[in-house]
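My notes follow the order in which I looked.

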Amino acid sequence: MATKLPKPDELAKIDFTPPETGWMDTPVEIKPGMFCWGAKAKNLRAVEFPNARDWSPAEEDWKLPGEWEGTVLEAMADRLSKYRSFKLFMDICVRCGACADKCHFFIGSGDPKNMPVLRAELMRSVYRKYFTTPGKVLGKLAGARELTYDVLKEWWYYFYQCTECRRCSVFCPYGIDTAEITMMGREFTNLLGLNTDWIAGPVANCYMKGNHLGLEPHTIKSSIEFFLDDIETVTGIKIEPTFNRKGAEILFVTPSGDLFADPGTYTAMGYLMLFHELGLDYTWSTYASEGGNFGYFTSNEMAKRLNSKIYAEAKRLGVKWIIGGECGHMWRVLNQYMDTWNGPADFLEVPKSPITGTVFENAKSTKMVHITEFTADLIKNGKLKLDPSRNDHLKVTYHDSCNTARGMGLLEEPRYVIKSVCNNFYEMPENTIREQTFCCGSGTGLNASENMDLRMKGGFPRANAVKYVRDKHGVNMLANICAIDRATLKASMEYWVPDVTVCGTHELVANALVMKGEKERTQDLRLETLPGKEGN
Amino acid sequence: MPTMEFKGKQIEVDDDGYIINLDDWEKDMADHLAGMDGITLTPAHWEVIDFLRNYYKQYQIAPMIKILVKEIGKVMGPEKGNTKYLYELYPGGPAKQACKYAGLPKPTGCV
């Protein structure tokens with residue numbers, strides 16, 4: 001069972017004193033509350049991952065396969081020859097320390113092995129030992145060490161205390177992408193069956209049923225029908241979306257979390273209302289029913305397999321292009337990998353908004369447009385009737401999700417949309433937003449419930465910035481464009497800044513959207529009475 | 001694999017104490033699990049458990065809290081169709097705690 005989470009004032013006492021022993025001589029201590037449960041055999045077996053067995057990180061014996069050192073070193077040699085970035089990142093760090101205090105996990109935990117430079121050094125030291133001459137000859141003198149059972153445990157513990165958010169990379173004078181080192185670390189441990197169940201479960205679900213939560217087609221439909229009832233209650237308008245419809249112009253893909261977890265569900269209601277108001281010729285899919293990709297947190301190959309269904313479904317349905325919902329890592333995958341993994345999608349057209357005629361040149365290759373780009377273009381062209389005063393009871397700030405900000409440069413569109421639908425908008429301090437945004441603290445599949453100590457420590461820097469604008473401006477709403485954020489920031493706010501609520505951006509849009517034939521709005525999408533409408 | 005002793009048998013459970021094989025569940029087990037948390041199940045508790053089990057049978061997943069709230073409101077009356085009422089019944093959370101007693105897997109929320 002998980003340990004009890006300390007109270008916020010206790011967790012906020014962060015000890016930055018490093019251990020007295022050198023880092024190589026300080027053995028890893030696997031602490032409860034800081035790691036996720038081991039992957040279940042059935043979930044690894046479902047996707048033919050190696051060494052499927054039940055295991056627990058808390059136990060001494062991790063039930064590794066025989067010859068595991070060889071497996072890791074062979075894989076390392078293979079990736080070093082395949083990925084030039086990985087080779088470069090193993091070689092070029094000068095340990096200047098610019099990244100050291102930029103990591104939310106280091107700031108929140110004080111553990112030196114969460115300094116990005118040291119986290120990477122855990123792997124570099126092994127690289128030196130087996131792949132460089134100085135390391136082979138001089139060993140520890142050259143910063144090299146052998147790959148032992150304890151080293152492997154240390155890798156696992158700290159590569160699952162990194163959310164691949166890439167904030168450290170922004171400050172690295174060499175541009176080393178520490179996320180790629182963590183990705184390799186996870187890829188190697190994956191070869192030994194050292195996955196967590198919080199990642200392996202969704203991967204297995206997604207492979208078998210199309211989405212992380214394992215929602216069956218009729219479950220997806222029933223969930224959306226539930227939203228439609230609420231939309232009708234709020235607006236008086238009956239919406240009839242379509243599913244798996246061949247010949248639709250646009251396929252819409254969003255994270256399954258939007259369909260089954262508050263407050264993502266209100267974001268999903270927002271999509272439904274916007275598309276209805278536009279009369280958009282689009283369809284949902286119960287097959288390509290997941291925008292997110294937890295495979296991305298296991299191996300490159302798995303991420304590619306899970307991603308393939310998006311283009312496959314676009315082709316089957318004969319759509320022209322694709323709109324994607326509000327999600328973070330989903331967009332790192334779509335923007336940077338999808339077209340070369342599973343494309344070219346030359347059966348699709350370059351996305352062109354049927355409402356404004358705008359051609360999305362930036363999506364020429366992927367054929368997939370982020371919904372805030374689509375909506376920002378609508379607003380810019382005056383195609384939406386908006387009443388931002390309906391959001392006047394909210395004082396809103398915006399959390400850039402790591403992957404959309406640093407992974408695709410989507411900085412202005414969400415802000416433009418939010419400012420168009422809300423009158424009260426306040427930015428958090430500039431070193432905590434945009435390219436320098438702080439992670440929610442629970443990305444890359446770390447958003448389980450057994451590792452709350454880790455999550456709240458990692459979430460502390462972001463929460464602290466929210467607290468600042470709450471105290472200064474009375475901010476009470478934290479908007480974002482990521483399904484993981486909607487789930488994790490909710491927990492982090494309840495813990496650190498309890499009077500701040502979390503919402504997706506299209507929830508705010510739909511609340512302000514004046515729809516044709518709607519009744520007077522007296523409630524928001526959460527069915528809460530709007531201020532001033534109490535008597536209605 | 002952790003186990004839980006029930007009626008002299010060892011039942012497989014996960015790291016959080018949710019039973020692994022849903023077929024192992026029987027009504028007495030709900031009382032047993034609730035008893036371990038110091039809760040005595042009343043007909044009001046059973047309304048929730050029965051709804052969860054039926055929903056799971058149909059959709060292979062535990063429902064969202066708001067679906068549960070709406071349904072309980074329909075069956076038990078509007079004054080009980082709210083989260084507060086459900087938390088009074090299940091202080092550990094209507095999703096997590098009630099699912100455990102109902103013999104369903106631990107709800108995952110958003111992943």
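These entries go from the whole of one chain to its parts.

**Conventions.** I noted that this is a predicted model, in which local features need pLDDT of at least 70 and side-chain atom pairs count only at pLDDT 80 or more, while totals for chains, interfaces and linings use all residues. Residues are numbered from 1 along each chain as its sequence is written, and chains are lettered from A and ligands numbered from 1 in the order in which they are written.

**Chain A as a whole.** I counted 22 helices and seven strands in chain A, taking helices (H or I, at least four residues) and strands (E, at least two) as DSSP runs numbered from the N terminus.

**Helix 17.** I then turned to helix 17 (residues 371–380) of chain A, which is largely enclosed by the rest of the structure because eight of its ten residues are buried. Among them are Ile371(A), Glu373(A), Phe374(A) and Asp377(A). The buried residues of this helix pack against helix 14, strand 3, strand 4, helix 19 and helix 22 of chain A, a contact being two C-beta atoms, placed from the backbone, within 7 Å. After helix 17 comes Gly382(A), with a positive phi near 65 degrees.

**The sheet.** I found an open sheet of three strands in chain A, in the order 5-6-7 and with parallel pairing, where two strands pair if DSSP finds at least two bridges between them. Its edge strands are strand 5 (396–398) and strand 7 (501–504) of chain A, each pairing on one side only. Three bridges join strand 5 to strand 6 (residues 477–480) of chain A, and Leu478(A) in strand 6 is the bridge partner of Thr397(A).

**Contact with chain B.** Lastly, I recorded that 24 residues of chain A are in contact with 14 residues of chain B. Helix 12, helix 13 and helix 21 of chain A each give two or more residues to this side, and helix 21 gives the most, with four.

Key:
Buried ≥ 20, exposed ≤ 12 C-beta atoms within 10 Å, placed from the backbone.
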